[in-house]
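Hi,

Here is the structure I promised to pass on. Have a look at it first, and my notes follow below.

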Amino acid sequence: MLTEKQTALDWGVAQYISAGTSEEPLVPAITCEHWTAQPVYFQNGLAGALPEIWVRKGVYDRLVRAAEALPRGYRLVLLDGWRPKRVQQFLFDNVRRQIELEDPSLTEAEIDRKTLLYAARASDDPVRPSPHITGGAIDVTLSDEEGTILDMGGAFDEASEKSWTAAPVPALPAERRRHLLAAMQHAGFTNLPSEWWHYDYGNWLWAWYSKKSSALYGPVDRPSDQKEAAG
């Protein structure tokens, strides 16, 4: 079994990474020949979520490479990219409530530590921004060629040990996780160990796992031609 000490990220390490300053634009990652886009939070009616998935141009280009690297029979599915701060705050608060309810004996510090395994604080601070606010984070899963979402051994956004990329899950979901990880790493992404679906390129999280001293991307404003979903 994995332990937090072995694999969890200390979010304080962001202070050791130089802030990203790239002005590379956000671009829409709509359904195309390479993947299917399913903006999960918008589809679920979450207030503030956008109807399209947006990522930095460099992330887009690497997603194409990742999709092409998947074995035959698999198709990349994009679930979320650039994320408004209000959506990030809702997700953090929601995970924190779940963890507090599951174990009322936890201290406030323990609740925060466990929450940060599965949700970042909402921040547009240049030094330690929420990964999704940079446009350099992408949440993905796999489908078959007909578009049926495949079992990955744990649900998207599930705050449990099953969400860890290397968690012991049944053989077929474990194989799918390995295919996804290999394709995304081939394209230059890094994975957040506590979330099998979360990958980064260019932001401070990517810089840390890539052993780089500086990020490429800092926080970026929302796409100017998009409107938040009414909530």
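Predicted model: local features only at pLDDT ≥ 70, side-chain atom pairs only at ≥ 80, totals over all residues.

To start with a quick one: is Arg 56 buried or exposed? Arg 56 is buried, at a relative accessible area of 1%. For the cut-offs, buried means under 20% relative accessible area, exposed means over 50%, and partly exposed is in between (1.4 Å probe, protein chains only). Arg 56 sits in strand E3, residues 54-56. Helices (H or I, at least four residues) and strands (E, at least two) are DSSP runs, numbered from the N terminus.

Residues are numbered from 1 along each chain as its sequence is written, and side-chain values use heavy atoms, with hydrogens and water left out.

Now to helix H5 (residues 108-115), where Ile 111, Asp 112 and Thr 115 are buried. Viewed down the axis of H5, the buried residues fall within an arc of 100°, so they line one face of the helix; the arc is that of the directions from the helix axis to the C-beta atoms. What do the buried residues of H5 pack against? Their partner is helix H4 (85-102), where contact means heavy atoms within 4.5 Å.

On to salt bridges (a side-chain nitrogen of Lys or Arg within 4 Å of a carboxyl oxygen of Asp or Glu). Searching the whole structure turns up eight of them. One joins Asp 124 and Lys 85, with the closest N and O atoms 3.6 Å apart. That pair links distant parts of the chain, 39 residues apart: Asp 124 is in the loop between H5 and strand E5 (137-143), and Lys 85 is in helix H4. Asp 124 is partly exposed at 43% relative accessible area, and Lys 85 is partly exposed at 41%.

Arg 96 also deserves a look. Its side chain meets that of Glu 108 in a salt bridge (2.7 Å, N to O). Glu 108 is in H5 and Arg 96 in H4, so this pair ties together parts that are twelve residues apart in sequence. Glu 108 is partly exposed, at 48%, whereas Arg 96 is buried, at 16%. Asp 112 forms a salt bridge with Arg 96 too, the closest N and O atoms being 2.7 Å apart. Salt bridges with shared partners join Arg 96, Glu 108, Asp 112 and Arg 121 into one network.

Cheers
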